[in-house]
Amino acid sequence: MRGIIKSLATTMSTFIRGPVTHGYPSKHRELPERDRAFPLLLWDKDIDEPFCTGCHACERACPVECMTVIMKDNPNHESQDGNSKRRKIVDEFWIDYGRCMRCNICVEVCNFEAIAMNNTWSGHETSVYDRADLVMDLPQLMAQSKSDEIQEWVAD
Amino acid sequence: MVIESAPDFETQDLLINVGPQHPSTHGVFRMILEVDGEIVKDLIPHIGYLHRGAEKLCENNDFRQGVGYMDRTEYLASHNAELSYVMAVEALAELEVPERAQWIRMILCELNRLSSHFMFLGAFGVDVGVFGTPFIYAWREREALIDLFEEISGDRMMYAYFRAGGLAWEVPGNFEERVREVLVSTRQGMKDFDNLLTRNEIFLARTKNVGIISAEDAIELGMSGPTLRASGVSLDIRKSEPYMYYDQIDFEVPIGTNGDVFDRYIVRLKEMEQSVSIIEQCLERLNDGPIMPERMPRMLRLPEGQEVYIRTEAPRGEYGIYLVSKGGNKPWRLKVRSACLSNLQALKKMSVGQYVADAIIILGSIDIVLSEVDR
Ligand code: SF4
Ligand code: SF4
């Protein structure tokens, strides 16, 4: 009997504790800087083009092969009277979020710091009705970086 | 405890299917119980519903990519699973892991042991029939640990944080403070569980002398971890074959006496106290330094024709990695020795002759993770 009373006392003690839960979805927990949702491409604001040169390094390193990269000659390169130092640039880029296992390897292998893991809630709340909608294309991957929505944390 | 049924009228045994989609089976485990009245006469386990071929996937991926798959074999203690894998790779590549990385690994593995045991305590409480209270308590404490893991590695379950040679990136600046902070709430959580369950008469009545397995049988079946130690065998790989810096740490290996369900519970609870003390000792010795060896090759290649078996003490027992290399940047063969699969062998021995309701508690007390059993 004493054991049960002790158990009940423990249960009762929660009355004086504050709640530990958050009222999701109306209230969002603050995410740490390193939070890894899904990879995103970053936008070079100085030159107004993506950092990504389409070098395929991430595509080859991805364990689940969920990325597809197509490269093109940069029309904005210095030799074409542009203001960019990138000879090649990304033409098309798809990441299948349905397959990505959020391992951060693509971020680690990128030599141009062109890709980062989304560390905002927009990366977590990605439910869709159709799996095909999880395949993100270049404009979708760029959107958050263009609008300054993500706070960058690129692992070294 | 063998209960005889009344012999004067003829009865037929009944086959009951439990699982695979049933919360009490801790995943997708299915067992067929042959019952005579309330008594289990036979138990046929079915596994394999969660087989994803993790070993094969690792053989097709290089050593950095493999870490992510290791997380998924043991999703409640991913740090421990990653550790075995990277240690196997390091042993073959003869990499010297920097001191700081080792200490951080030890802290994270012990923290992961705590979070995994909290998960056990909660789920086990539900199995015993105290629905809600212990489960939510365990969740609360586990949440604090998982938040810490998220701050360090970026993910709440699939950390992908260890790399062959060291760590993927440096821990945040307030790491030590945060760990100490979390340990305070962990201590409180352990005390709560102690008060809630350990001396609770109803809990004792459900768990004492249920599902006994003797030390001889446990060894025979290849059990390991807390499930083995509950039977009175003092075998802990951290003590018997110290890896990392466990030989410099002062800790005890709690053992049970009876080998029943209660012992399996209490051994885990005591083990958590030891883990807290290990973490505190590690924090004292943590010093500054690199987290990756110097001259780390960009693409790790292993020497040809070598093999290694590395085992570590994961929360559920011996988690071993057998790695065969035939050169190149991928394992030629990778075998995961899962503690849960071996521990699960004991289920039949423990359950036969017990009540049907106790079969669920016994299964819960083994603390299986089906993704590790099936891989
Ligand atoms: S994101 Fe980086 S690694 Fe991937 S294609 Fe672009 S530049 Fe190359
Ligand atoms: S996070 Fe991992 S799985 Fe996802 S795209 Fe990058 S490399 Fe591929």
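This is a predicted model: local features need pLDDT of at least 70, side-chain atom pairs count only at pLDDT 80 or more; totals for chains, interfaces and linings use all residues.

**Ligand 1**

I began with the cavities: the largest cavity is the space taken by ligand 1. My cavity search used a 1 Å grid over the protein atoms alone, and a cavity is a set of points where a 1.4 Å probe fits but cannot get out. A molecule sits in one if more than half of its atoms lie within 2 Å of its grid points.

Residues are numbered from 1 along each chain as its sequence is written, and chains are lettered from A and ligands numbered from 1 in the order in which they are written.

Next I listed the neighbours of ligand 1, taking a residue as near if one of its heavy atoms lies within 4 Å. They are Cys52(A), Thr53(A), Gly54(A), Cys55(A), His56(A), Ala57(A), Cys58(A), Cys110(A), Phe112(A) and Ile115(A). I sorted this shell into 7 nonpolar, 3 polar and no charged residues. For the classes, Ala, Val, Leu, Ile, Met, Phe, Trp, Tyr, Cys and Pro count as nonpolar, Asp, Glu, Lys and Arg as charged, and the others, Gly among them, as polar.

From that shell I checked Cys52(A), which is buried at a relative accessible area of 8%. Buried means under 20%, exposed over 50% and partly exposed in between, with a 1.4 Å probe and protein chains only.

**Ligand 2**

I then moved to ligand 2, which sits in the second largest cavity. I found 13 residues around ligand 2, and the closest are Cys62(A), Cys100(A), Met101(A), Cys103(A) and Cys106(A). By class, this shell holds 11 nonpolar, 1 polar and 1 charged residues.

**Cysteines**

How many disulfides does the structure hold over all chains? I counted 0, with a disulfide being a pair of cysteine sulfur atoms within 2.5 Å.

Most residues other than glycine have a negative phi, and most peptide bonds are trans.

His56(A) is in the loop between strand S3 (49-50) and helix H2 (57-61) of chain A, and it is partly exposed at 25%. Helices (H or I, at least four residues) and strands (E, at least two) are DSSP runs, numbered from the N terminus.

Glu65(A) also has a positive phi, near 55°. I placed Glu65(A) in the loop between H2 and strand S4 (67-73) of chain A. Is Glu65(A) buried or exposed? Glu65(A) is exposed, with a relative accessible area of 59%.

Tyr24(A) and Pro25(A) are joined by a cis peptide bond, with omega about 0°. I found Pro25(A) in the loop between helix H1 (2-12) and strand S1 (39-41) of chain A.

Terms used
Side-chain values use heavy atoms; hydrogens and water are left out. On a 1 Å grid over the protein atoms alone, a cavity is a set of points where a 1.4 Å probe fits but cannot get out, and a pocket is an open set with protein on both sides within 12 Å along at least five of seven lines; lining residues have an atom within 4 Å of a point.
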